Amino acid sequence: MDHKKLQHEHREILKTLQRIKVLGLDSSDSQELLRQLSQILETHLIEEKQFYQLLRDVAGQESPQKVLIDFIEKDLEQTSQQALDFCRRYRHGGSGLEFTIRFTQLYQTLNERMKKEEEFLFPMYESLMAEA
């Protein structure tokens with residue numbers, strides 16, 4: 001699993017969310033983008049689980065990095081479930097204040113989550129692979 005692919009997918013996810021925001025949260029195009037986002041997230045989640053397993057294997061079960069890996073992976077599971085629930089809930093559209101608040105929260109949560117991976121885990125992976 002190449003972390004560069006995951007990083008590229010992060011950009012695609014954020015770009016899709018940004019397009020939804022620009023188009024308007026209740027447009028039919030945004031509804032289609034939400035359905036696409038759900039598929040992208042489901043695939044991305046599978047790939048991230050594979051990445052985390054690889055990272056854990058390379059780091060070793062007794063390594064100090066394992067604590068960070070486990071912490072971020074736990075956050076991944078919660079964030080991914082939140083994102084998939086949002087996409088399923090609003091795949092036929094949404095409007096109003098609640099939808100806007102949930103969309104904004106989702107965007108911020110995914111953005112922060114991806115930053116954690118890119119700032120901590122991806123460099124850790126590169127370092128561990130250089131040592132291997």
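Student: Where do I start? How does K5 count at 41% relative accessibility?

Tutor: K5 counts as partly exposed, because its relative accessibility is 41%. Buried means under 20% relative accessible area, exposed over 50%, and partly exposed in between (1.4 Å probe, protein chains only).

Student: What kind of model is this, and how are residues numbered?

Tutor: This is a predicted model: local features need pLDDT of at least 70, side-chain atom pairs count only at pLDDT 80 or more, and totals for chains, interfaces and linings use all residues. Residues are numbered from 1 along each chain as its sequence is written, and side-chain values use heavy atoms, with hydrogens and water left out.

Student: Which residue forms a salt bridge with K5?

Tutor: Side chains of opposite charge can pair when their charged atoms come close. A salt bridge is a side-chain nitrogen of Lys or Arg within 4 Å of a carboxyl oxygen of Asp or Glu. K5 pairs with E47. Their closest N and O atoms are 2.7 Å apart.

Student: Is E47 buried or exposed?

Tutor: E47 is buried, with a relative accessible area of 10%.

Student: How many salt bridges does the structure hold?

Tutor: The structure holds 16 of them. One joins E73 and R56, at 2.1 Å from N to O. E73 lies in helix α3, residues 65-89, and R56 in helix α2, so the bridge ties together parts that are 17 residues apart in sequence.

Student: Are E73 and R56 buried or exposed?

Tutor: E73 and R56 are both buried. They also belong to a network of salt bridges, which links R56, K66, D70 and E73.

Student: How far apart are R102 and E98 in helix α4?

Tutor: They are 4 residues apart in helix α4, residues 96-131, so about one helical turn separates them. R102 and E98 form a salt bridge, with the closest N and O atoms 2.9 Å apart. R102 is partly exposed at 35% relative accessible area. E98 is partly exposed too, at 42%.

Student: How far does α3 reach?

Tutor: The expected span of a helix is 1.5 Å times one less than its number of residues. α3 has 25 residues and reaches 36 Å from its first C-alpha to its last. That is close to the 36 Å expected.

Student: Which elements do the buried residues of α3 pack against?

Tutor: They pack against α2 and α4. The buried residues of α3 include I69, I72, L76, L84 and F86.

Student: Which residues touch the most other members of the largest nonpolar core?

Tutor: A nonpolar core is a set of buried Ala, Val, Leu, Ile, Met, Phe, Trp, Tyr and Cys residues joined through side-chain atoms within 4.5 Å. Here the largest has 33 residues, and L17, L34, F51, L55 and L121 touch the most other members. α1, α2, α3 and α4 each give two or more residues to this core. The largest share, 10 residues, comes from α4.

Student: What does L55 touch?

Tutor: Contact means heavy atoms within 4.5 Å. Residues up to four places away in sequence are not counted, and L55 touches I69, L121, M124, Y125 and L128.

Student: Are H3 and H44 buried or exposed?

Tutor: H3 lies in helix α1 and counts as buried at 6% relative accessibility. Leaving aside neighbours within four places, H3 is in contact with F51, F122, Y125 and E126. H44 has its place in helix α2. H44 is buried as well, with a relative accessible area of 4%. By the same rule of four places, H44 is in contact with L6, E9, H10 and I13.

Student: How far apart are D29 and Q50 in space?

Tutor: They are 32 Å apart, C-alpha to C-alpha, and 21 residues apart in sequence. D29 is found in helix α2. At 47% relative accessibility, D29 counts as partly exposed.
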